[in-house]
Amino acid sequence: FDIRKEAAWALSNATSGGSSEQIRYMVENKLIDPMCELLTCADARIILVALEGLENLLKVGEKDSNDNGINEYANMIEECNGLDNIEALQNHHNNEIYEKAVNILETYFAAEEDDQNT
């Protein structure tokens, strides 16, 4: 478990301090799936770190989407059940996790909800 915790911190730090090019490189090398898996662990701090890391990835994906209008990183998160995990965190007892999850959903996944409602 300690290794997982350290890995979560390392990945999140890399996404927060890394350039867009470095973040793209990490995504190309399968960073999203392990970050999404961390959303299901019992440690609230690790969940927050994972959410922050995913949010950093989504910001780069959003910047890249200006070219074609599609945030590919949001799609990748959805493909590895990350979206389901983030939605489940809306019911988390930790208010900080709840707020971070809602913010990510509203910022990066709201268009999908709008599409489903029409």
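Student: Hi! Which residue takes a positive phi just after helix 2?

Tutor: That's Lys30, with a phi of about 70° just after helix 2. This is a predicted model, where local features need pLDDT of at least 70, side-chain atom pairs count only at pLDDT 80 or more, and totals for chains, interfaces and linings use all residues. Residues are numbered from 1 along each chain as its sequence is written, and side-chain values use heavy atoms, with hydrogens and water left out.

Student: Where does Lys30 lie, and is it buried or exposed?

Tutor: Lys30 lies in the loop between helix 2 and helix 3; helices here are DSSP runs (H or I, at least four residues), numbered from the N terminus. Lys30 counts as exposed because its relative accessibility is 65%; buried means under 20% relative accessible area, exposed over 50%, and partly exposed in between, with a 1.4 Å probe and protein chains only.

Student: Back to helix 2, then. Which of its residues are buried?

Tutor: Ser20, Ile23, Met26 and Val27 are the buried residues of helix 2. They sit on the same side of helix 2 because they cover an arc of only 120° around the axis, taken from the directions from the helix axis to the C-beta atoms.

Student: And what's on the face turned away from that side?

Tutor: There you find the exposed residues Glu21, Tyr25 and Glu28.

Student: What covers the buried residues of helix 2?

Tutor: The cover includes helix 1 (2-17), helix 3, helix 4 and helix 5.

Student: At what angle do helix 2 and helix 4 pack?

Tutor: About 105°, with their axes 10 Å apart. Helix 2 and helix 4 are therefore roughly perpendicular to each other, a label for angles of 65 to 115 degrees. On the helix 2 side, Ser20, Ile23, Arg24 and Val27 meet Asn56, Leu57, Val60, Lys63 and Asp64 of helix 4, where contact means heavy atoms within 4.5 Å.

Student: New topic: how many residues are in the largest nonpolar core?

Tutor: The largest nonpolar core has 34 residues, and Leu57 is among those with the most contacts inside it. Such a core is a set of buried Ala, Val, Leu, Ile, Met, Phe, Trp, Tyr and Cys residues joined through side-chain atoms within 4.5 Å.

Student: Which helix gives the most to this core?

Tutor: Helix 4 does, with 10 residues.

Technical notes. Helices (H or I, at least four residues) and strands (E, at least two) are DSSP runs, numbered from the N terminus. Axes are lines fitted to C-alpha atoms, for helices over the stretch in contact, and angles run from 0 to 180 degrees between N-to-C directions. Angles under 35 degrees count as roughly parallel, over 145 as roughly antiparallel, 65 to 115 as roughly perpendicular and the rest as oblique.
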